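Please read them beside the coordinates.

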Amino acid sequence: MRKEVAVAAVATVSTVVVAGVLLVRWKKRDERRWKQTQRMFRKFANDCATPVPKLWHVAFDLVSDMQTSLSDQSQTDYVMLPSVTSSLPSGTEEGLYYGVNLREDNFLMMRARLRGRNDPITDLDREEVEIPPEVISGTYKELFDYIALKLAVFISINTKTNPIAPKGKMGFTVSFPLHDGPAAAGANVIRWKSFPVNEAAGKELAKDFNEALEKHGIDLRVTTLVDATLGDLSGGRYYNRDCVAAVTLGLATNAVYVESAQFVPNGGVDKNKFGEMVIDMQWGKFNTPHLPITQFDMALDSESSNPGSRIFEKLIGGRYLGEVVRRVLLKMAKETALFGETVPDKLKTPYILRSPDMAAMHQDTSENRDAVQEKLMEVFGIASTSLAVRELVTEVCDVVAERGARLAGACIVGIMKKRGRINDKKSVVIIEGGLYEHYRVFRNLLHSSIWEMLGGALADNVIVEHAHGGSGAGAIFVAAAHSQIRHESFDPPLSEIRNRKGNDDDDQMDLLDWKDDQSDSASLKGGDQMDSTAETSDHSDSSDAGSKNKI
């Protein structure tokens, strides 16, 4: 009996010792894994770093590419496009205007009253309409017919509550993110990233939409289909003549700015009375060796539908921010078991982490990071994590958002430098899009990057504002601008065309690229300051090919 008790005791002690040894080993293993996770994070953060000198390199490189694109596009891969200056209002337009903002899978219908630049936009009615799958997969004529059908109901309802008859003034802006190249014949028109910018194409599309309007009894006239970012610039210019640029920061990104026509070959073709032209920067396609690109960005690009293209957009666009975070977390999960011994299946799904979910995790200030855990469960199916892991996820989001916001700020400074408007001229930049409007930390990081680059003495010369009227409202201001164009410069209502003798060649319609967009305070982050503000001197309107090497 005693022998059996002794054996049992020895066995129990042995079990305890073995268990203790295993616990020690597991603890050491977990410590090694966590140290490896931290090393991976530090390397990623370092690769994404955007100190002020790097931001100036990026800004100077953008200025150089802008100058080359304006002077000789054959010498650069970065091509900017002259746009329709007639879409800029004067600020004196008054009346009731209608607008449509076409997005990837929906469109926004609007009606608003403008009373001049000294009064805010009023009587704003808006309705968002989802586009049915069968229309999305149809032709652009079917799409136009569907928009006109819904627009007829929208006008009918709103004219009952505010009985002011339409007067033929309507703007049409287009926000097409994510997809490159024109659609094939019969393919989804909403996925067009671009469309040939020529008179024939513009005339065909505008007339087709006007025919759809007439078919449904709508006495409105669309003169031009324009990029939504140009619509935002129109809204800014309506209220302030010092508004010189607009930026879209949503799922995709773009920028347009006002350039002196003297720096654009053949600039007199579409300059306004102030000798200005509007330039569609296509800045999603901007690239420079100074961009902080990591292994995760390179993998994302190589696996995308347009490898090697739109590199800047893949660093700052809302479509891609969450995807970079997912890829970092996936690597950590595979190599350091960040979320346990088994990698969560949903974590392997590309683009499952959207920027709103990323923002919710990033902006979680609760003591236990409750919102982070909620999103990890909701998006990836990760049921339980430690506080340390949740804080690490927040830090990864911070690194990705900070890089994107600061790069966007640097390129805004680059535009102002190109226009010679840093040292002694105040400039207004309009920004629209979900990243800027709803992602508070991203917005503040963008503002702080401009302040860090320019310093307190000059930062006040660059004024960043949210788009007037909110998302899509740029179409209202485009309508106002077009209402001031001389009647002879564009087509009359279609009902008059049938009764008029003349050549169709007299009819003029313009079309811009079909491209990007879709669519809160953290402390300003400090950073290295330039040793001298002399680098901000504004001589960039002249040739400055060596500007990249001035830092």
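Which residues does M281 touch, not counting residues up to four places away in sequence?

1. M281 touches L62, M66, Y78, V79, M80, N254, A255, V256, Y257 and I415, with that sequence exclusion; a contact means heavy atoms within 4.5 Å. This is a predicted model, in which local features need pLDDT of at least 70, side-chain atom pairs count only at pLDDT 80 or more, and totals for chains, interfaces and linings use all residues. Residues are numbered from 1 along each chain as its sequence is written, and side-chain values use heavy atoms, leaving out hydrogens and water.

2. In the largest nonpolar core, of 91 residues, M281, W283 and F339 touch the most other members. Such a core is a set of buried Ala, Val, Leu, Ile, Met, Phe, Trp, Tyr and Cys residues joined through side-chain atoms within 4.5 Å; buried means under 20% relative accessible area (1.4 Å probe, protein chains only). Helix α12 (residues 387-418) gives the largest share of this core, 17 residues. Helices are DSSP runs of H or I, at least four residues, numbered from the N terminus.

3. Helix α9 (residues 318-336) packs with α12 at an angle of about 140°, the axes being 10 Å apart. L321, V324, V325, V328, L329 and M332 of α9 meet L392, V393, V396, C397, V400 and R403 of α12.

4. S449 lies in helix α14 (residues 440-459) and counts as buried because its relative accessibility is 0%. Not counting residues up to four places away in sequence, S449 touches L55, A405, R406, G409 and A410.

Conventions
Helix = DSSP H or I, 4+ residues; strand = E, 2+ residues; numbered from the N terminus. Buried < 20%, exposed > 50% of the residue type's maximum accessible area, 1.4 Å probe, protein only. Axes fitted to C-alpha atoms, helices over the stretch in contact; angles between N-to-C directions.
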